[in-house]
Amino acid sequence: MAVTKARVRKLALSLEGATEVVHVDRPAFRTTRKIFATLPPDEQVVNLMFDPPTQEFFLEQAPGVIEPLPGGWGRMGMARCDLKVADEALVHSVLKAAHALALPKAKKAKRKS
């Protein structure tokens, strides 16, 4: 049932264009646009950069496994997934959702005048 940080790293880096960087004191996974997940060094969790609707969806789908980050970060949609109780399918799903939100925005086509 538990998912290791090594497995989280492998799943995150398997996503298209994902790279690992250091953000503050922790490994972070990003697209060319922005960070989508971090691994705090002192906890068995993965922090996920969701928007509020995505956070709400996963809070409903996995109560007790996914929870909002405290304070303003949580109000903005950020969440954490408890790796001690999450299964790999859930971890892969939340990473894919956070990754999709961090992908570069599609450029709008220019209109002909």
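This is a predicted model: local features need pLDDT of at least 70, side-chain atom pairs count only at pLDDT 80 or more; totals for chains, interfaces and linings use all residues.

1. In α1 the buried residues are Lys5, Val8, Leu11 and Ala12. Because they cover an arc of only 120° around the axis, they lie on the same side of α1. An α-helix has 3.6 residues a turn, so residues three or four places apart point the same way. The face turned away from the buried side of α1 carries Ala6 and Lys10, which are exposed, whereas the buried residues of α1 pack against β2 (26-30), β3, β4 and α4.

2. Strand β1, residues 19-23, pairs with β2 in the antiparallel sense, and the pairing runs over five bridges. Histidine 23 has arginine 26 in β2 as its bridge partner. The two strands β1 and β2 form a hairpin with two residues between them, and valine 24 in the turn has a positive phi of about 60°.

3. Is threonine 38 buried or exposed? Threonine 38, which lies in strand β3 (residues 35-38), has a relative accessibility of 3% and therefore counts as buried, the cut-off being under 20%. Leaving aside neighbours within four places in sequence, threonine 38 is in contact with His23, Arg26, Pro27, Ala28, Val45, Val46, Asn47 and Met49; among these, His23 and Arg26 are the bridge partners named above.

4. Which residues have the most contacts inside the largest nonpolar core? They are Phe36, Val46, Leu48, Val91 and Leu95, in a core of 28 residues. At least two residues of this core are supplied by each of α1, β3, β4, β6 and α4, and α4 gives the most, with seven residues. Apart from this core lies another, of five residues, including Ala28, Ile35, Leu69 and Met78. As a general background to this point, nonpolar side chains tend to be buried together in soluble globular proteins.

Conventions
Residues are numbered from 1 along each chain as its sequence is written. Side-chain values use heavy atoms; hydrogens and water are left out. Helices (H or I, at least four residues) and strands (E, at least two) are DSSP runs, numbered from the N terminus. Buried means under 20% relative accessible area, exposed over 50%, partly exposed in between (1.4 Å probe, protein chains only). Contact means heavy atoms within 4.5 Å. The arc is that of the directions from the helix axis to the C-beta atoms. Two strands pair if DSSP finds at least two bridges between them. A nonpolar core is a set of buried Ala, Val, Leu, Ile, Met, Phe, Trp, Tyr and Cys residues joined through side-chain atoms within 4.5 Å.
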